[in-house]
Amino acid sequence: MGKEKIREAMIKAIESVFSEMVFIDTLHIDGKPEDFTFTQILYIDIVSPANGYIIAYLPLELRKTIVETIHSKDWDEMHAIEIDDCLLEMLNVIAGNFMTDLLGRGEKYNISFPAVNYDEEDIENIESSQEIYFDAEGSVFRINVLINS
């Protein structure tokens, strides 16, 4: 699993999940944007056949758009647990699509339950992960992915 194949599988997963789940056109951005900010980190471990992780760095305005679209309710009408569960389930779907594209249909993989983080302190080898930036109709976010083969 080379870096380019991992990158391409993640781009494909992000574009399809955002399009199908929240009806947002998402484009890959080359390089690091100058004004990237985020308010929450969503994290999921890849357990097998290789180990690694996927991390989503989402700004508040994108989190609101995702949750309000999926729940068809205003952000302020929802409990924090509802909001987090929605975003974590979306990361779970992204991870599943990514692993299926990376390994091929019919290949087994194991991923952990996704979790919410607010900083990178406990994330191992963050400097070794690939940073991939996206523009979701004007809202920039980042995905970090690491696969140790």
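Is Ser72 buried or exposed? Select Ser72 to begin: with a relative accessible area of 66%, Ser72 is exposed, where buried means under 20% relative accessible area, exposed over 50% and partly exposed in between, using a 1.4 Å probe and protein chains only. The model is a predicted one, in which local features need pLDDT of at least 70 and side-chain atom pairs count only at pLDDT 80 or more, while totals for chains, interfaces and linings use all residues. Residues are numbered from 1 along each chain as its sequence is written, and side-chain values use heavy atoms, with hydrogens and water left out.

**Backbone exceptions in the loops**

Ser72 sits in the loop between helix H2 (60-71) and H3; helices (H or I, at least four residues) and strands (E, at least two) are DSSP runs numbered from the N terminus. Most residues other than glycine have a negative phi, and most peptide bonds are trans. Ser72, although not a glycine, has a positive phi of about 55°.

Then select Ser48 and Pro49, which are joined by a cis peptide bond with omega of about 10°; Pro49 belongs to the loop between strand S2 (40-48) and S3.

**The enclosed space**

On a 1 Å grid over the protein atoms alone, a cavity is a set of points where a 1.4 Å probe fits but cannot get out, and lining residues have an atom within 4 Å of a point. Grid points are joined across faces, edges and corners, and a volume is the space filled by probe spheres set on the points. The count comes to 1 cavity of 30 Å³ or more, and the largest cavity has a volume of about 70 Å³.

Select its lining, which includes Ile14, Phe18, Leu42, Leu87, Met90 and Phe141. Helix H1 (3-22), strand S3 (51-58), helix H3 (80-103) and strand S7 (139-148) are the elements that each give two or more residues to this lining, and H3 gives the most, with 4 residues. The lining divides into 12 nonpolar residues, no polar and no charged, with Ala, Val, Leu, Ile, Met, Phe, Trp, Tyr, Cys and Pro counted as nonpolar, Asp, Glu, Lys and Arg as charged, and the others, Gly among them, as polar.

Follow H3 to its end, where the next residue is Gly104, with a positive phi near 100°.

**Aromatic contacts**

A search of the whole structure finds 6 aromatic pairs, a pair being rings of Phe, Tyr or Trp (its six-membered ring) with centres within 6.5 Å, stacked if the planes are under 30 degrees apart, edge-to-face if over 60 and tilted otherwise. Among them is the stacked pair of Phe18 and Phe141, at 5.0 Å centre to centre and 20° between the planes. This pair links helix H1 to strand S7, across 123 residues of the chain. Phe18 counts as buried at 2% relative accessibility, and Phe141 counts as buried at 1%.

Finish with Phe36, Phe38, Tyr57 and Tyr133, which form one aromatic cluster. Arg142 lies over the face of Tyr57, 3.8 Å from the ring centre.

Technical notes:
1 Å grid on protein atoms, 1.4 Å probe; cavity = no way out; pocket = protein on both sides within 12 Å on 5 of 7 lines; lining within 4 Å. Lys NZ or Arg CZ within 6 Å of the ring centre and 35° of its normal.
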